[in-house]
Amino acid sequence: MYRAAVLTVSDRSFRGERPDETGPEVVRMLEEAGYEVVSCGIVPDEREEIEEALRRLAGGGEIALAVTAGGTGFSPRDVTPEATLAVCERMAPGIPEAMRAASLEITPRAALSRAQAGIRGRTLIVNLPGSPKAARENLAAVLPALEHGLEMLRGGPADCGEYRQNT
């Protein structure tokens, strides 16, 4: 079982003007997939605060997966992708590519997503959209692949199937 954290990025939810519906939905999905969600939080759409929260979550090495929800669109205050790029040491472009491809089957607006995914230390960081429906659809598209990625990242058992290298 991997430990996970969920970070909602929303000015209105941070100020208490709107309930956070997306964070709890992401938590539910992760727990149903077998993750232990050990941290949930809300930060405003401020790049420095997002970066600080991501560094803190990835800093101890206990969190295998940090998922953000919100701040991935075209609004001038949507800076979650930039914060993610700033804190990650290596990027994982296939994850957001897969999410966008799956979402394009549902809506042409998926092409407007600026979500990123990357690695800081031994933590995988994945950006999701802010709406509960879009976050659900995007996470569902990549959730089956994340476990294998985390096994490789954290040195766990990796199923190599029948492949054997001849030397």
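**Helix packing in a predicted model**

Student: Which helix comes within 9 Å of helix 3, and at what angle do the axes cross?
Tutor: Helix 4. The axes of helix 3, residues 47–59, and helix 4, residues 80–87, approach to within 9 Å, and they cross at roughly 45 degrees. This is a predicted model.

Student: Are helix 3 and helix 4 parallel or oblique?
Tutor: Oblique to each other. Angles under 35 degrees count as roughly parallel, and the crossing here is at roughly 45 degrees.

Student: What hand does the crossing of helix 3 and helix 4 have?
Tutor: It is right-handed. On the helix 3 side the contact is made by R47, I50, E51, L54 and R55, and on the helix 4 side by T80, E82, A83, T84, A86 and V87.

Student: Moving on. How do the axes of helix 2 and helix 6 cross?
Tutor: At roughly 25 degrees, with the axes coming within 9 Å. Helix 2 covers residues 22–32 and helix 6 covers residues 132–154.

Student: Which residues make the contact?
Tutor: Helix 2 contributes T22, E25, V26, R28, M29 and L30, while helix 6 contributes P132, A135, R136, L139, A140 and L143. By class, the residues of this contact are 8 nonpolar, 1 polar and 3 charged.

Student: What about V27, is it buried or exposed?
Tutor: Buried. V27 lies in helix 2, and its relative accessible area is 12%; the cut-off for buried is under 20%.

Student: What is V27 in contact with, leaving aside neighbours within four places in sequence?
Tutor: V6, V37 and C40.

Student: And where is G118 relative to V27?
Tutor: G118 is 91 residues from V27 along the chain, and their C-alpha atoms are separated by 20 Å.

Student: Last topic, confidence. What is the mean pLDDT of the chain?
Tutor: The mean is 94, and 93% of the residues reach 70 or more.

Student: Where is the pLDDT below 50?
Tutor: Over residues 158–167. Beyond near neighbours in sequence, that stretch has 4 contacts in the model.

Key:
Residues are numbered from 1 along each chain as its sequence is written. This is a predicted model: local features need pLDDT of at least 70, side-chain atom pairs count only at pLDDT 80 or more; totals for chains, interfaces and linings use all residues. Side-chain values use heavy atoms; hydrogens and water are left out. Axes are lines fitted to C-alpha atoms, for helices over the stretch in contact, and angles run from 0 to 180 degrees between N-to-C directions. Helices (H or I, at least four residues) and strands (E, at least two) are DSSP runs, numbered from the N terminus. Contact means heavy atoms within 4.5 Å. Ala, Val, Leu, Ile, Met, Phe, Trp, Tyr, Cys and Pro count as nonpolar, Asp, Glu, Lys and Arg as charged, and the others, Gly among them, as polar. Buried means under 20% relative accessible area, exposed over 50%, partly exposed in between (1.4 Å probe, protein chains only). Angles under 35 degrees count as roughly parallel, over 145 as roughly antiparallel, 65 to 115 as roughly perpendicular and the rest as oblique. A crossing is left-handed if the near helix is turned anticlockwise from the far one by less than a right angle, and right-handed if clockwise. pLDDT is the predictor's confidence in each residue, from 0 to 100.
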